[in-house]
Amino acid sequence: MPLLHYLDQGQGPPLVILHGLFGTLDNWQTLARRWATEAGLRVISVDLRNHGRSFHSPEHTYALMAQDVLALFDHLQLGPETTLMGHSMGGKVAMRLALDHPERLARLIIIDIAPRFSNMEHQDNILAGLRAVNLATLTNRQEADAALAQYIDNVGTRQFLLKNLYRQEDNSFAWRINLPVLAEDLAAVGEATTSATPFLKPTLFIRGGLSDYITADDKLTGIPALFPNSEVATMVDAGHWVHAEKPEEVFGLVQAFVQQ
């Protein structure tokens, strides 16, 4: 299997960052640079399979994505002092790796996702918008935005999705995401994370107070069952994109947790 695309910056204890569905490592670069330059960390941002500049595959499962990340750990010779952090889908990849290979990590950080099943119906409008963009006739990004706007009101969400649009060598447009496979496997992206044995090392969950991806029940039972040595920090006025909406708070929380 090809190696995942990644960006490695800074020196110090390793922090590996995994993005969410339809995202890329670029979504994290402002914070990643700060952790590398201000917090003294070696920050490795990753494009997961079927996303960004990483390889496309007909299979998109958490078991395989965790193996992809583990292969990157081996390639970079990352030791057990590594912190793994993931947002949303990337958080479930991080949970899977931590539960299956706890010896590879010092600690775990999960951004706004719980181990339970996540209902993916809210992604239907996003998929409809992406499919509405006619790549064959597209001449500029404004046309793509207009097509997305028929299904997605939020400008920030459209800008996030349009980061996946790029020009090929023949000047035609293409998606960096593997849209057919992600659409086909969307239910699998929502599947619950389970394990016979818990991850006992320190774990930080950061949730958006306006998001329903981590509920009160998750905090009381679902999370402690698999991550008994965990804490949940809530960003009161933030939604699912906690790191974009509360960058200063997330920067400080992550720095303090990694360096404790």
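The largest nonpolar core here has 60 residues, and those with the most contacts inside it are Leu-18, Phe-22, Leu-84, Leu-108, Leu-130 and Phe-227. Helix H2, residues 62-76, gives the largest share of this core, eight residues. By nonpolar core I mean a set of buried Ala, Val, Leu, Ile, Met, Phe, Trp, Tyr and Cys residues joined through side-chain atoms within 4.5 Å. Buried is under 20% relative accessible area, exposed is over 50%, and partly exposed is in between, with a 1.4 Å probe and protein chains only. In soluble globular proteins, nonpolar side chains tend to be buried together.

Before going on, the ground rules. This is a predicted model, where local features need pLDDT of at least 70 and side-chain atom pairs count only at pLDDT 80 or more, while totals for chains, interfaces and linings use all residues. Residues are numbered from 1 along each chain as its sequence is written, and side-chain values use heavy atoms, with hydrogens and water left out.

Back to Leu-18. Leaving aside residues up to four places away in sequence, Leu-18 touches Trp-28, Val-46, Leu-48, Val-69, Leu-84, Met-85, Gly-86, His-87, Gly-90, Val-93 and Ala-94. Contact means heavy atoms within 4.5 Å.

Now the helix pairs. Helices (H or I, at least four residues) and strands (E, at least two) are DSSP runs, numbered from the N terminus. Axes are lines fitted to C-alpha atoms, for helices over the stretch in contact, and angles run from 0 to 180 degrees between N-to-C directions.

How do H2 and H3 cross, and at what angle? Their axes come within 9 Å and cross at roughly 75 degrees, which means H2 is roughly perpendicular to H3. For the angle classes, under 35 degrees is roughly parallel, over 145 roughly antiparallel, 65 to 115 roughly perpendicular, and the rest oblique. H2 contributes Tyr-62, Ala-63, Met-65, Ala-66, Val-69 and Leu-70 to the contact, and H3 contributes Met-89, Lys-92, Val-93, Arg-96 and Leu-97. Those residues divide into nine nonpolar, no polar and two charged. In that count Ala, Val, Leu, Ile, Met, Phe, Trp, Tyr, Cys and Pro are nonpolar, Asp, Glu, Lys and Arg are charged, and the others, Gly among them, are polar.

The axes of H5 (residues 141-149) and H6 (residues 155-162) come within 10 Å and cross at roughly 130 degrees, so this pair is oblique. Arg-141, Ala-144, Asp-145, Leu-148 and Ala-149 of H5 meet Arg-158, Leu-161 and Leu-162 of H6. Here the division is five nonpolar, no polar and three charged.

Last, some loop residues. Arg-104 sits in the loop between helix H3 (89-100) and strand S5 (107-111) and is buried, at 18% relative accessible area. Beyond residues up to four places away in sequence, Arg-104 touches Leu-70, Phe-73, Asp-74, Leu-78, Gly-79, Pro-80 and Thr-82.

Most residues other than glycine have a negative phi. Asn-50, not a glycine, has a positive phi of about 65 degrees. Asn-50 lies in the loop between strand S3 (42-46) and H2. Gln-77 also has a positive phi, near 55 degrees, and its place is the loop between H2 and strand S4 (83-87). Which of the two is buried and which exposed? Asn-50 is buried, at 0% relative accessibility, whereas Gln-77 is exposed, at 70%.
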